[in-house]
Amino acid sequence: MIPAKELSDTRTQIFAENYDHLYSLIFSSIYTKVLNFHDAEDICQEVFLRFYQKIDVVENPRKWLFGTLRNVVLDYYNRKGKKDIDIENIFNDVSMSYVNGFRDTRLIIEEALEKMHESEEDRDRTLFDLISFYNFTYEEAGKHVNLTYKQVRTRYARTVKNLIACLSDMGVKSLEDLL
Amino acid sequence: MSQIEQLTEVLLKYGFRSPVSTQDQKKILKAKKRALSAILNKERKKSLFTAPLVGLYYVLKNINNSVTLAGIARLINTAFISMLLIITLGTAFTLHYTVFLREPAVLTEAIFTFTMGDVTIIREGKEPVKARIKDNVTTGDSLSTGLNSWAVLQAGSSLLFKVMAESDVSVVSLFEDNNAQVRLNGGKIISKLLKLPKETGYIIETRNCYAAVRGTEFSVSYQPLETIVAVKEGTVLVQLRDITVGTVLNEKPVSAGYTAVVTDRIVIRKNTIVESLELETISLSPIITRAWDKSSREMKKTWEKPLTRVSTVEKKINAEKGIMTIDEIREKYGRIDTITLYNGRVIRGSIISRGAVVTVQTAGGIIRIPKKKIKYTR
């Protein structure tokens with residue numbers, strides 16, 4: 001038998017909700033850093049296990065999960081004996097890195113993304129990240145966040161529009177200017 | 001280039017994109033379910049149902065986004081309890097019918113569930129014995145009934161046969177080779193047969209006839225070279241036999257409400273009132289559940305109510321046949337005559353007409369006696 005009463009507590013509900021929205025995103029983020037599916041699965045499970053245990057003190061689950069992800073991935077490299085690994089490079093920290101020499105433009109885009117994320121629902125933010133950063137198809141992204149193809153298409157188009165507006169506020173009048 | 005395509009290009013150019021292959025995207029979804037099961041099992045009591053819970057959670061989540069883990073847990077618990085209940089009830093019923101109510105693997109005997117009057121069992125190489133309730137007969141045994149006597153035998157839980165007064169019956173087989181067969185040497189048998197399994201049958205054999213069925217109520221009576229097969233329910237296949245070699249010469253199906261009179265041919269007619277009433281007595285006779293496990297006392301108790309109804313029907317039969325008790329004759333005709341014949345036979349009854357032939361109502365029915373055979377009356 002399953003203790004249904006236990007599963008109906010607030011902690012589990014909050015956990016399940018965030019797990020649903022963020023698991024695939026966190027997993028993809030880890031996977032693109034460790035490049036091993038099974039290790040990524042273990043690390044991701046560890047991240048969410050820690051999240052479950054600390055859920056009472058977590059204020060912003062998304063930020064907390066990405067922060068913990070960083071620590072757990074670092075632990076992973078330490079265990080693997082790669083202590084001299086450049087973690088900043090792995091995490092591609094925009095403010096510290098010079099990808100192709102476009103540091104300023106990257107910072108602008110990063111800022112626009114953050115601004116856009118503030119006005120979007122959790123699920124739409126995840127949807128955007130999965131499609132834009134990790135190249136998920138609409139259909140596949142929909143499966144990961146429990147939305148239909150049509151819903152994904154509409155929501156993604158709206159989020160992109162929002163991002164373009166944010167970029168526009170920051171002085172980027174057209175995406176073509178960035179290409 | 002659309003805005004979305006342009007954005008993709010921009011993100012790629014500035015190093016924001018780290019594509020995950022479509023194959024891995026699918027694998028991530030499976031990992032998502034696995035990880036949730038693992039976390040729930042780690043953080044809570046381990047349960048066999050966690051994996052199905054998570055699986056069902058994601059299936060239903062795709063249909064209705066408002067489902068919760070607790071809701072699915074309750075659903076699974078309810079389904080599990082219902083399934084457990086169904087399995088328990090199913091097992092109980094199966095055990096009840098296959099173990100506790102199971103018939104012996106091979107039926108080799110028929111049990112007397114009721115006897116009335118003089119009923120005798122004749123076994124090969126043994127002295128004839130009076131049959132009592134709970135006695136049994138097996139293949140090769142014979143039984144005979146006297147005047148005003150009858151017996152009901154049950155084989156398994158599907159065959160009941162009533163041997164009527166002044167009958168002589170031999171048991172040829174009792175389902176050992178899938179068929180039950182009874183030979184009627186004289187008298188009458190009324191049978192009740194519930195639906196038998198496929199390739200199983202019941203046959204009553206007389207010297208000139210076979211009556212074969214798989215499920216019905218019917219009677220067979222035989223007096224030399226005349227067999228009468230009356231059917232109440234279902235259909236009986238009646239076959240005319242060659243009395244010397246036993247080969248089948250002709251056959252006719254007899255349906256409910258009809259009677260076959262088999263002599264040197266088969267004639268079909270409607271049941272008489274007496275035949276219908278006699279068939280009624282077998283309908284009223286109970287087939288006793290697990291008769292082989294019951295005591296004679298339990299059998300008698302089972303027969304208490306049916307016997308009253310059978311007696312009522314028998315009274316109707318007697319009335320139809322003109323059979324009355326001595327008291328009933330005295331009450332109806334006001335006297336009882338005693339008629340002594342020259343051959344020494346004494347007949348008690350009431351003379352209802354005189355002439356060259358004297359008609360007498362006796363307890364055994366109406367008889368006609370030539371006047372010249374009567375020595376005197378009193």
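At what angle do the axes of helix α3 and helix α4 of chain A cross, and within what distance do they come? This tour of a predicted model begins with the whole chain and then turns to that pair.

Select chain A and colour it by secondary structure.

Next, show the surface. The accessible surface of chain A comes to about 9,000 Å², and carbon and sulfur atoms account for 47% of that area. Chain A has 179 residues, of which 51% count as buried. Now turn to contacts within the chain: of those between residues at least 6 apart in sequence, 56% join residues at least 24 apart.

Now select residues 37-54 of chain A, which form helix α3, and residues 61-79, which form helix α4. The axes of the two helices come within 9 Å and cross at roughly 130°. α3(A) and α4(A) are therefore oblique to each other. Their crossing is right-handed.

Show the side chains where the pair meets. On α3(A), select A:Asp39, A:Ile43, A:Glu46, A:Val47, A:Phe48, A:Arg50, A:Phe51 and A:Lys54. On α4(A), select A:Pro61, A:Trp64, A:Leu65, A:Thr68, A:Leu69, A:Val72, A:Val73, A:Asp75 and A:Tyr76. These residues make the contact between the helices.

Finally, colour the selected residues by class. The contact of α3(A) with α4(A) has 11 nonpolar, one polar and five charged residues.

Terms used: Residues numbered from 1 in each chain as written. Chains lettered and ligands numbered in written order. Predicted model: local features only at pLDDT ≥ 70, side-chain atom pairs only at ≥ 80, totals over all residues. Heavy atoms only, no water. Axes fitted to C-alpha atoms, helices over the stretch in contact; angles between N-to-C directions. Helix = DSSP H or I, 4+ residues; strand = E, 2+ residues; numbered from the N terminus. Parallel < 35°, antiparallel > 145°, perpendicular 65-115°, else oblique. Left-handed = near helix turned anticlockwise from the far one by under 90°. Contact = heavy atoms within 4.5 Å. Nonpolar A, V, L, I, M, F, W, Y, C, P; charged D, E, K, R; others polar. Buried < 20%, exposed > 50% of the residue type's maximum accessible area, 1.4 Å probe, protein only. Areas by Shrake-Rupley, 256 points an atom, 1.4 Å probe, with all protein chains shown as cover.
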